[in-house]
Amino acid sequence: MKKYLLSIFVLVGLFVGILAQSTIVVGTTDKIRTLDPALCYDYFSSNILQNVLAGPVDYKVNSSEIVPNLFESWEVSEDGLEYTFHVKKGVVFEDGTPIDANVFKFSFDRVIKLGGDPAFLLSDVVKSTEVVDNYTFKVTLLYPFSAFVSVLGYTVAWPVNPKVFPADKFYDGVPSSSGPYKVTEWIRDVRITLRTNERYFGQKPKTDRIIIQFYENASTLRLALETGEIDIAFRHLDPRDILDLKNSKNLQVIQGESPQVRMVVFNVQKPPFNDPLVRQAISQVIDRHLIVEEVFQNMAAPLYSLVPMGMWSHEDVFQDGSVETAKQLLYQAGYNERNKLVIDLWYSPTHYGTTEADVAQVLMESLEKTGIIDVRLQYAEWATYVDYFLNGNMGMFLLGWYPDYIDPDDYLWPFMSESGAKSMGSFYVNPYIEAVMRAARVSNDQEARTDLYHVVQQDLAVSVPYVPLWQGVETVAAKTNIKGILLEPSQVFRYYLLYKE
Amino acid sequence: MSLRNYIIVRILLAIPMLFVLLVVIFVVIRIMPGDPVAAMLGGRASQEVIEARRAELGLNKPIIVQFFDYLGGLLKGDFGTSTMTGRPVLDEILERFPATLELTIFAFIIAVLIGIFWGSKAAQKRDKPVDIAARGFSMFMYSVPVFWFGLMLQYIFGMQLKWLPIAGRISATVDFESITGLFLLDSLLRGNWVAFLDVLEHLILPGITLGLVTSSIFLRMVRNNTILTLTSDYVKSAKARGVPENKILYRHAVRNALVPILTVMGLQLALLMAGAVLTETTFSWPGIGSYLIMKIRYRDFPAIQGTVVFFAIFVIVINIIVEIINALIDPRVRY
């Protein structure tokens, strides 16, 4: 009898132990703006959707390679205009509603009709959608666009449950799940709780419950991790805090690739930046290494093109220049030690975290090493900042870029095309480069596209409407018993891989 | 003037006050540089999309039309739609308000308790160590930056001693379902003692931060007013009659000193909510203060306006209530 009792106690103990270990708490300073894919256009909202919904395509784990998901396969017409997708059968939302071609048509049409923030990703290229049969969905494009399937990797194209999401307005509730997790609780800006979706067709989560707790600032997030309130701190710790946390025995710091890039933007129509010699001179003295070392404690990498390192077609078209070359260029432009080039350098103090003022300071010091440039630092909060650069008020300013889809097109078209450059505040216009990028959009041949993107990048280094500065490094700090953390080049952070040891 | 008429006049007087405030807020937000739509969409959206969104939110109309549209909406209880989230502003405010209210009430209780007890003791023991300490404390708390004080408490009691949680309203792993949004009350209503204790623990550091800062004002006022009443003739005669000292202090001096302080306390409760901004940011307290900061960054016109108007209405209501209480206590106020 005693043996039985002992066994029961051991079993109960184990069971309780397993239960206790089936929750992981993640802390972040990000916010969820919306869980409607038609409106969602910020990192953390997408992050939740990526764990709660299933997409038509997905990124292969720990890679930026697109793989089929809800779309099992597809054919593209010879002219590159028609995409016929075959939908996986037997997949359902958490309430049992089947995901078929009708659901896809509903979701695509809804995004385009509602015109939310990310809608342009579809509406700029999609001419029409059609249900061929229950499991065949056809999309006709306005023009051939080889990165279209990559666009489907972004949550804007992910199907939503027509029984939950209204067709004619945005939805501010919790989505009906089709992914590994479902949302069981959402107290806005306090926490969101995810639990295993038993009806998910793919890999089951290793941890049943993920709670995401929201914090207002980086220092509180750090304290929350150190005091054990959370298991993982994911976005955004201060680089100096990360250095401290690396020395802690109870914590692990994991770093991974990030497709985020940062740059200096020139308004090429605003004096003195309308002179290419001035832009080239500045690009010669910018010290990327100093920014990376001093401000980011080496938690970033110097970048020499707008296309990030590791992505196909990337080419280092800029280089570490010299003060002497910069001086020569400035002399040619008519500036010298007595007639100095006086410029304003703008930055936004909070939008990119706590480090931006330091970046601006280091840049100022680099530029003033010439003895010919005088820099005045200027700053504005994000709303004002955007207003200023869209209206061409700022001549030189700092900007960052998170991709919508993982393709070189998303790093070049939004910057170097006429419409894109306008929305970035550089107002750069080059019909030849625009034609080259259009050719790359149409082509299905990656080698040919690579050559075309090399042409664009080389022009970038000559015309210098932007100076790439650094490529980010994604960082997560966690308790040492937390396993399965993957910081993927696709930016997808998969909660279903996380577990406690 | 009868009490009823007095109340009606107070309420009517509040309307032009609110109107002026609305005009000022409306104009100030609009003359500040920064387009909310552009801020929301970043640089990625086309001009057409930006224009369409502006039209949808009515931001392309002349400012005077926008103002009267807004006013019309307000009268129907519509505070507008957030440009950031596309949700009704009032819903967002009402979701956040209980957090601020809970923190404010908690801090207010701390402030009142410290203010009354220490303030009256300081008055009684004038120029003695208790009084000197009270004055030192009051000066220190009045001048210390709230966020710095909060950070210090976080560091000492959260980080080093690990006695209390340093942020948020409730631990992530505590199961809890809210009813009113006031977590402390809700956990009691549900009989969830685990949640109650957890919420209480979370309230302590931000509550103390805000409460101690406010207590410095109360302490000084109670001390000064009590000193005045302690030197009045009726107190002197009470002393002469041999009434015990503590009875004189609390029954006579403090009680009389509190009448003018009550008005200030009422207003202070409203101002406390404004003061909660920094405390909420420091302790990741998801209230209206941190909401307002977030919305200002993104120039979310309707949300900023809505929050300020909501605050204003709250302050005015508190003010009216305080005046009514005063009028009840002291009928001379009505004339």
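Between chain B and chain A there are four salt bridges, a salt bridge being a side-chain nitrogen of Lys or Arg within 4 Å of a carboxyl oxygen of Asp or Glu. One pairs D189(A) with R96(B), at 2.5 Å from N to O.

This is a predicted model, in which local features need pLDDT of at least 70 and side-chain atom pairs count only at pLDDT 80 or more, while totals for chains, interfaces and linings use all residues. Residues are numbered from 1 along each chain as its sequence is written, chains are lettered from A and ligands numbered from 1 in the order in which they are written, and side-chain values use heavy atoms, with hydrogens and water left out.

How many residues of each chain are in contact? 45 of chain B with 47 of chain A, where contact means heavy atoms within 4.5 Å. The area buried between the two chains is about 3800 Å², and carbon and sulfur atoms give 56% of that. Buried area is the accessible area (1.4 Å probe) that two parts lose on being put together, summed over both.

Now the patch. Chain B has a nonpolar patch on the surface, with about 1000 Å² of accessible area together; F19(B), I64(B) and F68(B) are among its residues. Patches take residues with over 30% relative accessible area and no salt bridge, joining like charges within 9 Å and nonpolar side chains (Val, Leu, Ile, Met, Phe, Trp, Tyr) within 5 Å. Accessible areas come from the Shrake-Rupley method with a 1.4 Å probe; for residues, only the protein chains shown count as cover.
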